[in-house]
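Let's take a look around this protein, one spot at a time. Keep the 3D view open as you read.

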Amino acid sequence: MESKAIGKVMSLPNIRDSSAELGRGRLYSMSLSQIKKYSESSVEFQHKLSPFNLRWIHGYNPKVGVINLNNNGSTSMFYAASNCGVIYNWTVNQMRILQGHRHMISCISSDRQGKWLVTADSGPENVIIIWDSVDYFPQRTIFSPLGKTKISKVVMSADAKYLLSLGYSEKTTLNWWDWSSGLDDPDATLDIDIPRDGVIDMAFNSNDSEQFLLLTKHNIWIGVPRKVFVLERGVLKETDKYELKIKKIETKTGLDTGKLTCFTFVEDTSQILVATTRGTVLVYGYKIEYKEHGGKEDYENLKFIKMLKVEKRTINVIKSIDGVITTGNSVGEIHFYDNQMKLMYWVHGFTVDSVKGLSFNVSPRSYQVFDPKCNTPCPCWERAVAEIDSNTGLLKQKLIKKKLPSDATVSGKTFLVRDFIVCTNNQGVGFVDFATEKLVTVLNSKRSYALALSVHPEKPYVCIGYDNGIVEMYNFVQHKLFVRLDLRDLYKIVIPPKDDSIKCNYEVTVPPISVSCLKYSHSGMHLACGLNTGQLLFLHPTTIDVITEIPFTDTGHAIKQITYSCDSLTLALFDAGRTVCVYKYDCQDLLWKFIGKHRAHYKDITSILFLSEKNANGEYKLISLGIDRIMVEYDIGESADGYLEILSLDRLDQTAVPLAGIQWPSPEDLDPDVHRLDLPLILVANDEFKYKIVNYATTMTLSTILGPRYEHPVRKMLLTAREEDNGKQQYLIFATKNVVGIQKMPIDGNPWKHAGLLGHPLEVTEMCFREDCGILFTIGDKDGCMSQWAINYRSVDTTTKQGGGDLDPYYCLIENGRPGWLFQEIRDLFYYIQILCQGTFSPAMRRVKDFIPIDSLPDLMRALGFFLSEYETENLIAEAKYKVYQINPSTEIDFEEFVKLYINHRPAFGYRYKKIRDAFAHFAYLDNEQLAINRNGLIELLADYGERFPRELTWYLISILCGESFEDRAKMPENDFSFMPEELTLDYLATYVIGVDDLENIPEGSSGLGSFDTQSAQTSTTGDSE
């Protein structure tokens, strides 16, 4: 019982219910990671279910770098991928993903032993998270460490005691933490006059963890934390507070020196080595003579000693390890020097394009050198027994002296350092076994952004297209790269030198090709590849060899989306120029042939899809949706000679912009005697956070449903299903700008039926789903990573049950829930409508029912603050009568159905004042720096544009809105608008006509109108819904 009480007080889920295993004292002494070890997967104390579990990430962020965690053969490394930290063991192909950041991770760090890992993101509400690399659990999270300033760099001291963060505001801000103390605020802060993005690198001194150094392009800054002393009664007393002291070290550099690039603290000395772009190394120290095993020195005594020219190329990396200095330069050379910068060795066994980073193993190499006479692994070699390392307790590595590298001295001594990881410019990340000088590629990723994605419907292959023209086929079961195709290299033009050329140089032209779209057919027999130049290629579906001899060049704009018909024999695409192109597959010639194209939209196209229904000529129906709110249906069967015929072109919506569309199936459990099962339906997601079920034959909206109300509306949709005991259950997979989620069918506006999580920090550019595996693949904007998610249907099944039945799950969408004023208003007006329908002055006995006439819905909606247009009224009445599928119309609606209709049809976040202001500015003119409109001009607008108002009706309604009494209106002649001023401003319309009481206190982007506006809705509304 003690454990249960503690669990409730401490809010710690999954704690084992046993006082013997976990007592009160034991619990308070445990860390969060230790508490996690005592958790269990109990249904009662289970963690919150996630709709998707991130299983793998293909790619990494090369700007952040890689940290080697290899210790005693663990073969692990740490890097950042999108907004996640990744601990990857490349020998067992195992990945541990550290999730906790909302934005892209901008920097990582660790202590000397690799026990503690640090990740930091750079964005609004950024955080620093300190992880335990043993159990992959966050031990400390620092929220907004620099306030509103974005984090630029974070480093941890070698002994894991201190943390240093840097950000740029008006000045460069340094924050210093003794992070284990648990304080939310930094222990010391300092502002420095360094320009924005001026600090190239920073680090703590490995010999003195209280000392740190900042590197800019031309200078270095050395700093330390110091205790603050206060003068009390004439005596200096030490306080618990710290302050940062920093000094800029003057350096005499010239053109031969170049700009500073990197630095290192030399082990067991007091020297600092700084490398430059001209291959020179600057030596800093406290004394001119070289001295080993130097103790702590006063930072103010640090000075520039000398400059050494050691290489001809830019030095990108310099490290001090195992008593040697290691450098890596811009042409891929790795050199080793002693502490006095004398060349000892350079790597011969492999070459890379450029060395961007070096990270050595955590522990030194433990080895024993043998010198057998045969100099080969033979029986005598097998009998040789190595000693046991006293530090690790493990056997030392056996090495043959003859096969080991030797240094560049005359004596040719054996030269060995610990193994290391090398980061290259465009050849991925490799692990180097220094004894054999073998490079093993562990991260085979290019420095480019992923733009296209498609998964094979049957085989375990997923294709990724990049902005540098590369297409990769990836085995998502083995998590290995299968094959890579470089389209730029394939289509490059090589011009040989002329006969009279002196230099005999070849002229090579590489086309600027980017892969903008990839798509597998439903059968898996075709793979289409669209380029940013408008070219269309067809690749082999399993080897990605180009099978199109001459690319299709029927459009000159980047291809945005490709789709196939149900039989995989017809292909349609649209490009950035709003053109739709159609291709047919010739089964006899085994070739794709161009049919025609058409530009029917005057604004960008958002979605194109084939339907399962065929036209009279036997071709599948093809429709496209655009930002112009137009749905276009194409007639492929009648198209020829490069011209794509249009079958119909209709306005889909009055104000909402369609962002995505899919074909919508009819439910399988409908009664054919009562419901229509043959309706041609599509589901459209729009920018007003709504779903709409549309009859594409009549373009009539049959149902309007409230969609997920995240920061952005739904932009992508996929329909999937899974088999259950009681039949097939369907789900809708959706993606907003940066959120991926799953929604349980049928969709009815129930907010408990969907769940989502952050997919990518900036934008989910593409997603695809393998239903048989339950795996979702996504790529993000500007992160170059492909994420592999395992779907969890149980998440929405659980939340749906938790939401309850009837109206229980909808109360959270109404202000203050069921006991709030709005729900009471809804109930009162519902019964008041019954009184009006029975007659206000009727002497008959009143009968309170649960139904009201459907024809009274518009008046009831407007009384509740939802002001429908005539178009919205028509859709509302049609949905209430036919409920999408009913054959015979209903005449009444009950209270529960009415509340659902009200919640689904009203604006998702209320009426926004900014929207009214923008509409007024469209027609108004500028008068004395204030927008205004003539009174007669307003009347003409209402009479001639949009849903037109007769002049008499306009006079009647505006006179009521302006507060004219019945007696005053009876005295005035009709069409007399003299009660309004000649010139109307927005303030007058909002205050005296619309009725906003406190106009001055309405925030810029808030929804200050309507009875259902809440503060939470106002803060989450973004520009995408405007």
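Two residues are in contact when heavy atoms of theirs lie within 4.5 Å. Keep in mind that this is a predicted model.

**A threonine and its neighbours**

With that cut-off, who does Thr280 touch? Leaving out residues up to four places away in sequence, the list is Asp256, Thr257, Val274, Ala275, Met307, Leu308, Lys309 and Ile315. Thr280 itself sits in strand S20, which covers residues 280–285. Is Thr280 buried or exposed? Its relative accessible area is 2%, and buried means under 20%, so Thr280 counts as buried. Its side chain also has a partner: a polar contact of 2.5 Å links it with the side chain of Thr276.

**A covered strand**

Now jump to strand S59, residues 786–791. Here 6 of its 6 residues are buried, so the strand is mostly covered. Met786, Gln788 and Ala790 point one way, while Ser787, Trp789 and Ile791 point the other way, and all of them are buried.

Which strands does S59 pair with, and through how many bridges? The table shows two.

| Strand | Residues | Bridges to S59 | Direction |
|---|---|---|---|
| S1 | residues 52–58 | 6 bridges | antiparallel |
| S58 | residues 775–780 | 5 bridges | antiparallel |

Ile57 has Ser787 of S59 as its bridge partner, and Leu776 stands opposite Trp789 in S59.

Finally, S58 and S59 form a hairpin with 5 residues between the strands. In that hairpin, Lys782 takes a positive phi near 60 degrees.

Notes:
Residues numbered from 1 in each chain as written. Predicted model: local features only at pLDDT ≥ 70, side-chain atom pairs only at ≥ 80, totals over all residues. Heavy atoms only, no water. Helix = DSSP H or I, 4+ residues; strand = E, 2+ residues; numbered from the N terminus. Buried < 20%, exposed > 50% of the residue type's maximum accessible area, 1.4 Å probe, protein only. Polar contact = N/O pair within 3.5 Å; in protein donor to acceptor, adjacent residues only side chain to side chain. Pairing = 2+ DSSP bridges.
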